[in-house]
Amino acid sequence: MNYISRRNTLKSLAVGAGVGLVSPFSVFSSTSARKEKLGIALVGLGYYSTDLLAPALEKTENCYLAGIVTGTPSKAAIWKTKHNIPEKNIYNYDTFDSIAENPDIDVIYIVLPPSMHKEYVIRAAKAGKHVWCEKPMAMTVEECQAMIDACNQANVSLSIGYRCQHEPNTQAFQKIVKEKSLGDVLGLDCAAGYRENRTNHWKQKKEMGGGVIYDMGVYAIQGARLGADMEPIAVNSAKVWAERPEIYQDGLGEVVEAELEFPGGIIGTIKTSFAENINFLNIKCEKGMIEMEPFSAYAGNKGKSPLGEINFPFQQPMEQVWQMDNDAKTIMEGKPQAVPGEEGLRDIRIVEAILESAEKGQKVVI
């Protein structure tokens, strides 16, 4: 019996027994809880899946690599052998929807270009599977909301792959800010970027979700939001440009700078770039500065404040291990995700405001 049939059967039995309407998510969660590990299917086998997620899944305690979805037969053959994946758990984009009938797969992890996130999150939800989606969540706020709605309607969990929110250095600076250990936040400055040397990747294609604001820009936005422990109310100004216009064409941003306004007149400046290596977060508080550099790397994040050093060392891919283990445990316990779809939507709302501010040359209220 597949998940959808099992879900409906259990719901009918519960109602017939007089215990009231049972949430399909609760039923599935209790079913999943009886498993030692949840089965994960990775959709898209590029660098991130190959070099980070697959190795991380070898270390996770609450989930394991159960299946793959790829449009490249040669990749399927390699992964089948390397990761001992059964043939029945290997799908392509045409057979994707039949994953609904596979009890080995509990979670579908979307690791595709941003322009494809909406379609495959919705299809995964309709297949009755829980969904993890890489950042950026989608191209627009409207797409993000459609993804959230689809998962809610299917009573499945949706989590966005913000790995840093699961790592101890990020949690440490957040704790200082939340508890006001250094007083109120007065302002902040955040930057995230690297020198991108590829020239024909989806990151250089506007229609696929390319441009730095959707990629590294989301880290800078996350840094500002988490560092302020508030949501910005406006983008006061923004600038988008290309250092290499022959690569980043038709207005596609290789570098983006923006000034975010938070409640109380607090200002956060952000920069993101595919032209240079930058990665820091400085949070100015009443009683001193929290300085994180790097703040969003795969490993090596560290910082300091008047309260002392912030340095919890780890080796990659531990962020991905923590992220997937935490998200899997949450599903098995039937609890809300720590980083739900709404978190991804918040960032895309700010992305849209930054792009609008840069285009119009004026302040944009969020």
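Student: How do the axes of H8 and helix H10 cross?

Tutor: This is a predicted model, in which local features need pLDDT of at least 70, side-chain atom pairs count only at pLDDT 80 or more, and totals for chains, interfaces and linings use all residues. Residues are numbered from 1 along each chain as its sequence is written, and side-chain values use heavy atoms, with hydrogens and water left out. Axes are lines fitted to C-alpha atoms, for helices over the stretch in contact, with angles from 0 to 180 degrees between N-to-C directions. The axes of H8 and H10 (residues 341-360) come within 10 Å and cross at roughly 110°.

Student: Which word describes H8 relative to H10, and why?

Tutor: Angles under 35 degrees count as roughly parallel, over 145 as roughly antiparallel, 65 to 115 as roughly perpendicular and the rest as oblique. The crossing angle is roughly 110°, so H8 is roughly perpendicular to H10.

Student: Which residues in H10 does H8 meet?

Tutor: Contact means heavy atoms within 4.5 Å. The residues of this contact divide into six nonpolar, one polar and four charged, where Ala, Val, Leu, Ile, Met, Phe, Trp, Tyr, Cys and Pro count as nonpolar, Asp, Glu, Lys and Arg as charged, and the others, Gly among them, as polar. From H8, Val218, Ile221, Gln222, Arg225 and Leu226 meet Glu343, Arg346, Asp347, Ile350, Val351 and Ile354.

Student: What is the volume of the largest cavity?

Tutor: On a 1 Å grid over the protein atoms alone, a cavity is a set of points where a 1.4 Å probe fits but cannot get out, a pocket is an open set with protein on both sides within 12 Å along at least five of seven lines, and lining residues have an atom within 4 Å of a point. Grid points are joined across faces, edges and corners, and a volume is the space filled by probe spheres set on the points. The count comes to one cavity of 30 Å³ or more, and the volume of the largest is about 100 Å³.

Student: Which element gives the largest share of the lining of that cavity?

Tutor: Among the lining residues are Tyr219, Gln222, Gly223 and Leu226. Helices here are DSSP runs (H or I, at least four residues), numbered from the N terminus. The largest share, four residues, comes from H8.

Student: What is the volume of the largest pocket?

Tutor: Its lining has 33 residues, with Tyr47, Tyr48, His201, Trp202 and Lys203 nearest the centre. The volume of the largest pocket is about 730 Å³.

Technical notes
Helices (H or I, at least four residues) and strands (E, at least two) are DSSP runs, numbered from the N terminus.
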